[in-house]
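Biologist: Can you walk me through this one? Salt bridges to begin with, then the ligand.

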Amino acid sequence: MDEDESHEENSVGDLIYERDTKEENCEKPDEEDGHCYERKQELLQDCKRLTENVRKPLNVAIIGPPGCGKSSFLNTVFASLNSDRWYEYAKIGKFGNHEGVMGMQVTRRLRSFPKEEYYRQNDFCMLPTFIDMTGFENDDSVITEELLFLVLSGKVKEKESLNDIATYGRLHGITKMKEEYRSWKRFPNRRINRIIIVCSLNPDSAMPTALFKSVVNVANELDITFYGVMTHADICREKYGNRLHEREKLFREYLGLPENRLASVINYCPAVDPDRSYEDTLLPALDVPVLKLLRQILTPEPNDSVMHFDDNVKAVISTIKIPLIISILAMLLYTIFYK
Ligand SMILES: Nc1nc2c(ncn2[C@@H]2O[C@H](COP(=O)(O)OP(=O)(O)OP(=O)(O)O)[C@@H](O)[C@H]2O)c(=O)[nH]1
Ligand SMILES: [Mg+2]
């Protein structure tokens, strides 16, 4: 049996053991389920407590190369934040490679997951909105960087086609693109507060350094804190040994990430649990590292609940606009007909 085969036969228990031996706070393999379950509950409480005093939910964007496990990671995040079972909220599948099914161009849009969509308990907490940013190529062209700027600064609506914006930029040039889209109304509720950059731990897959460069440039320009997540920790540990440390190191160096802003995760997926027991229950050993990272992400930052001045003005205008128009019309009608 080769290494791959032996790995495919890995049970969730083996994976939990691997995870336990790595996770300093989930390290008792003989009590693995119970211990990880308790650790999960502690971390979950910490995460909820951190959101108690926030004025509005954070927007957390997920970005990474096609097929690296962004949607799977989001579903793992949602499972971690809940207490019943895993669900497929973010659709999993390899559509990210430029062309979709039967060679058709896939229209790329942002997909947001507000708390109401993924959180199934009734308690009050201001958990974040997660935004799946599929469709960014490994590219550091000015057009990609500008597209990232528009998305991260909250200028792109949910249904807006990212392809159309990029095509406009390619046809008319970067200056026109900036003039056209930066002048668009900003949606204060869509401004991104944190970024999670996802990358596979597999050393055989290419490291999308150009995309990383663009994300880091734009995140720094907009003063957004970013985090790193490395997926596929299950298939890689045994097979690649030391090469994984090199890969992690490289990833951190490209992003300039301190260790506390990086997590290696195993996502809920059939490769990890062929019986898909997670459709009935949760695997707390997979949740723990994700919740540890989320606790970091949810730690309040000075700018979090502060709205920019122009956002406040726009918010006030848009709130009073309709009643104001109705009042003016009513006054006009009154003046015309009764005076
Ligand atoms: N073994 C293993 N497989 C994973 C892991 N995470 C994701 N996968 C698999 O990788 C494949 C791609 O996952 P997706 O979550 O669709 O990747 P994505 O980045 O959202 O892909 P696009 O949206 O197309 O860019 C799926 O077959 C997943 O089951 C992991 O941690 N371990
Ligand atoms: Mg996806």
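Modeller: A salt bridge here is a side-chain nitrogen of Lys or Arg within 4 Å of a carboxyl oxygen of Asp or Glu. The model is a predicted one. By that cut-off, arginine 111 and glutamate 117 form a salt bridge, with their closest N and O atoms 3.1 Å apart.

Biologist: How exposed is arginine 111?

Modeller: Arginine 111 is partly exposed, at a relative accessible area of 35%. Glutamate 117 is partly exposed too, at 34%.

Biologist: How many salt bridges does the structure hold?

Modeller: There are 17. One of them pairs glutamate 42 with arginine 39, with 2.9 Å between the closest N and O atoms. Both residues sit in helix α3 (residues 32-50), three residues apart, about one turn of the helix.

Biologist: Is arginine 39 buried or exposed?

Modeller: Arginine 39 counts as buried because its relative accessibility is 11%, and buried means under 20%. Glutamate 42, at 43%, counts as partly exposed.

Biologist: Which residues does the network with Arg295 join?

Modeller: Asp46, Arg49 and Arg295 are joined through salt bridges that share partners. Aspartate 46 and arginine 49 meet at 3.3 Å, N to O, and both lie in helix α3.

Biologist: OK, ligand 1. Which residues come nearest?

Modeller: Of the 18 residues around ligand 1, the nearest are Lys70, Ser71, Ser72, Gly93 and Asp234. A polar side-chain atom of aspartate 234 is 2.9 Å from a nitrogen atom of the ligand. The protein buries 88% of the 660 Å² that ligand 1 exposes when taken alone.

Biologist: Which helix gives the most to the shell?

Modeller: Helix α4 (residues 70-81), with three residues.

Key
Residues are numbered from 1 along each chain as its sequence is written. Chains are lettered from A and ligands numbered from 1 in the order in which they are written. This is a predicted model: local features need pLDDT of at least 70, side-chain atom pairs count only at pLDDT 80 or more; totals for chains, interfaces and linings use all residues. Side-chain values use heavy atoms; hydrogens and water are left out. A residue is near a molecule or strand if one of its heavy atoms lies within 4 Å of it. A polar contact is a pair of N or O atoms within 3.5 Å; within protein, one must be able to donate a hydrogen and the other to accept it, and residues adjacent in sequence count only if both atoms are side-chain atoms. Accessible areas come from the Shrake-Rupley method with a 1.4 Å probe; for residues, only the protein chains shown count as cover. Helices (H or I, at least four residues) and strands (E, at least two) are DSSP runs, numbered from the N terminus. Buried means under 20% relative accessible area, exposed over 50%, partly exposed in between (1.4 Å probe, protein chains only).
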